[in-house]
Amino acid sequence: MRILVWHVHGSWSTSFVQGRHDYLVPVTPGRDADGLGRARTWEWPATVVEVPAAELGGTEIDMVVLQRPHEVRLFEQWTGRRAGYDVPAVYVEHNTPGGDVPRTRHPLADQDRIPVVHVTHFNRLMWDCGTAPTSVIEHGVVDPGYRYSGELVRAAVAVNDPVRRGRAVGTDLLAGLAARSPLDVFGMRVDELRGDPELFGPGDRVRTFEDLPQSRLHDELARRRVYVHTARWTSLGLSLLEAMHLGLPVVALGTTEAARAVPADAGVVTTDADALATATRRFLDDEDLARATGLHAREAALRHYGVERFLADWDTLLERRLEPLAR
């Protein structure tokens, strides 16, 4: 198939474009949020082709994968065709609902032309999609390989926009964690944390690493003794699954889909912030425990979140969407 898909979530897209199709990625002159084009910090195959937005009207498209509500309008504006009518479409819902949870209505609720595909069972449970067709395709991660050394007695946290997103990603928990364990924080715009005097006192109790390329990020995470997942109200973070693939033990808030993703022998899942800090310190102090737990984490990630299963699930759904046109 020739699949049109916007570059919205880099890690998810990196797995999605590993399939057997041709992937058309819109690009705008300024490479803004609606036309980022190909990834620059992830490795994508040659089957991912940039298409200028102005040329999409004359481009053959077999399927459109939508990820943001305004892309329905954008697709019609750029191509002259309607998603779900003229071209088969699916909508990937990456996020937990906002607003009046659990009564938050999905933007595509109560229509039957574009199925909503959730990335976790928790998200499907919490969004009110009305009569719209829904399904779940759980994440799959391209295996970075076992890289764990745990040589640095520090905890790793990976989060994007920690200042803007605040409590949703658990930014307020970092000071309590740092009081007991040195932290290295990776992600986009993490340098903005340096304005917080609670975090950045004397010494190097907290360090930030700004927007590393994926391969280097994986190398750096694997040098830390433990991975800590602080998100309160986000979808299941792919960084958590990547850390498990790398062989890190994980300590995670027991919110959204974390309890399903992290079995008991792969780390600690808790809703107790004090227990979160205690478990982090325990892994830092016990290298043998950290290594053994990380091996279990990797086994669990490979078993449940492999990219082969992910791509097979997507192929099944995409082929089903094409069937009405073939008849």
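A helix axis here is a line fitted to the C-alpha atoms over the stretch in contact, and angles run from 0 to 180 degrees between N-to-C directions. Keep that in mind as you open this predicted model.

**Stop one: a pair of helices.** Select residues 273–285, which form helix H9, and residues 287–304, which form helix H10. Their axes come within 5 Å and cross at roughly 105°. Angles of 65 to 115 degrees count as roughly perpendicular, so that is how H9 and H10 lie to each other. Now show the side chains: on the H9 side, pick Arg282, Phe283 and Asp285, which meet Glu287, Leu289, Ala290 and Thr293 of H10. Colour this contact by residue class and you will find three nonpolar, one polar and three charged residues.

**Stop two: an open pocket.** Next, select Thr14, Glu43, Val142, Gln214 and His218, the residues nearest the centre of the second largest pocket. Its lining has 16 residues, and the space in this pocket is about 250 Å³. Helices H1 (10–16), H6 (214–223) and H7 (238–246) each give two or more residues to the lining. By class, the lining holds eight polar, four nonpolar and four charged residues.

To find the largest cavity, select Ile3, Phe16, Gly19, His21, Tyr23, Leu311, Trp314, Asp315 and Leu318, which line it. Helix H11 (residues 307–326) supplies the largest share of this lining, four residues. Six of the lining residues are nonpolar, two are polar and one is charged.

Definitions and conventions. Residues are numbered from 1 along each chain as its sequence is written. This is a predicted model: local features need pLDDT of at least 70, side-chain atom pairs count only at pLDDT 80 or more; totals for chains, interfaces and linings use all residues. Side-chain values use heavy atoms; hydrogens and water are left out. Angles under 35 degrees count as roughly parallel, over 145 as roughly antiparallel, 65 to 115 as roughly perpendicular and the rest as oblique. Contact means heavy atoms within 4.5 Å. Ala, Val, Leu, Ile, Met, Phe, Trp, Tyr, Cys and Pro count as nonpolar, Asp, Glu, Lys and Arg as charged, and the others, Gly among them, as polar. On a 1 Å grid over the protein atoms alone, a cavity is a set of points where a 1.4 Å probe fits but cannot get out, and a pocket is an open set with protein on both sides within 12 Å along at least five of seven lines; lining residues have an atom within 4 Å of a point. Grid points are joined across faces, edges and corners, and a volume is the space filled by probe spheres set on the points.
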